[in-house]
Amino acid sequence: MAGETVTATVHIDAPPERVYEYFTRPEAIVRWMGDYAVLEPEPGGQFTVDVKGAPVRGRFLHLDPPHCLLISWGYAGSDRLPPGTSTLHVRFTAEGSGTRVILEHRDLPPAERAGHASGWTHYLARLAMAPTGNPGPDPGMPAPDAAQL
C-alpha cells in the first residue's frame, strides 16, 4: 500500500545555489535541522542527520544541483519508518532574488503524516532564517494538531 505525501514550501532570501547547500553540507544542515550530520552528496551517498535525538538515516538517490534532490528517509531502529521507507523530493526554484523550496515527503505511513507535516513546517521556517541570520537553538517541533491525525 502506497503511503501518503506531505508537501511544504517556503521562500528563502538566497539564490538556489546557496539554499541547495543547506541540504548537502553537514555544517550547513545543522544550522537549521539536526545536531549532527554526515552527508555524502552523490548518488548512493550517506544521508545521516540526528534531529533532536531522532536518528534519520537514508541515501542520496538523485542530485541535480541546484535544482532538486531525492533522498531516502527513515529512522534507525524504527519499525514504523525504517531507513529507506520514504523519500524526500526537494526542488529549488529561483523566485525573484531568492528561492522557492518545495519539499515533498513521499511514501509516509498514515501514522507518520501529521508529525512530519508539523516537523517540515517547523524546520523550513528555520531554514528560511539560516542564510541571512542564525535561527538559534532548535526548540523542537510543536505537537501535531489532533485534527491532522
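1. The side chain of Ser72 reaches the backbone nitrogen of Arg59 at 2.7 Å, a polar contact in the sense of a pair of N or O atoms within 3.5 Å, where within protein one must be able to donate a hydrogen and the other to accept it, and residues adjacent in sequence count only if both atoms are side-chain atoms. This is a predicted model, in which local features need pLDDT of at least 70 and side-chain atom pairs count only at pLDDT 80 or more, while totals for chains, interfaces and linings use all residues. Residues are numbered from 1 along each chain as its sequence is written, and side-chain values use heavy atoms, with hydrogens and water left out.

2. Ser72 lies in strand β5, strands being DSSP runs of E of at least two residues and helices runs of H or I of at least four, numbered from the N terminus. Ser72 counts as buried because its relative accessibility is 8%, the cut-offs being under 20% for buried, over 50% for exposed and partly exposed in between, with a 1.4 Å probe and protein chains only.

3. The seven strands form an open sheet in the order β1-β7-β6-β5-β4-β3-β2, with antiparallel pairing, where two strands pair if DSSP finds at least two bridges between them. Its edge strands, each pairing on one side only, are β1 (4–12) and β2 (36–39).

4. Eight bridges join β1 to the antiparallel strand β7 (residues 98–108), and His11 has Arg100 as its bridge partner in β7.

5. Among the buried residues of helix α3 are Trp120, His122 and Tyr123.
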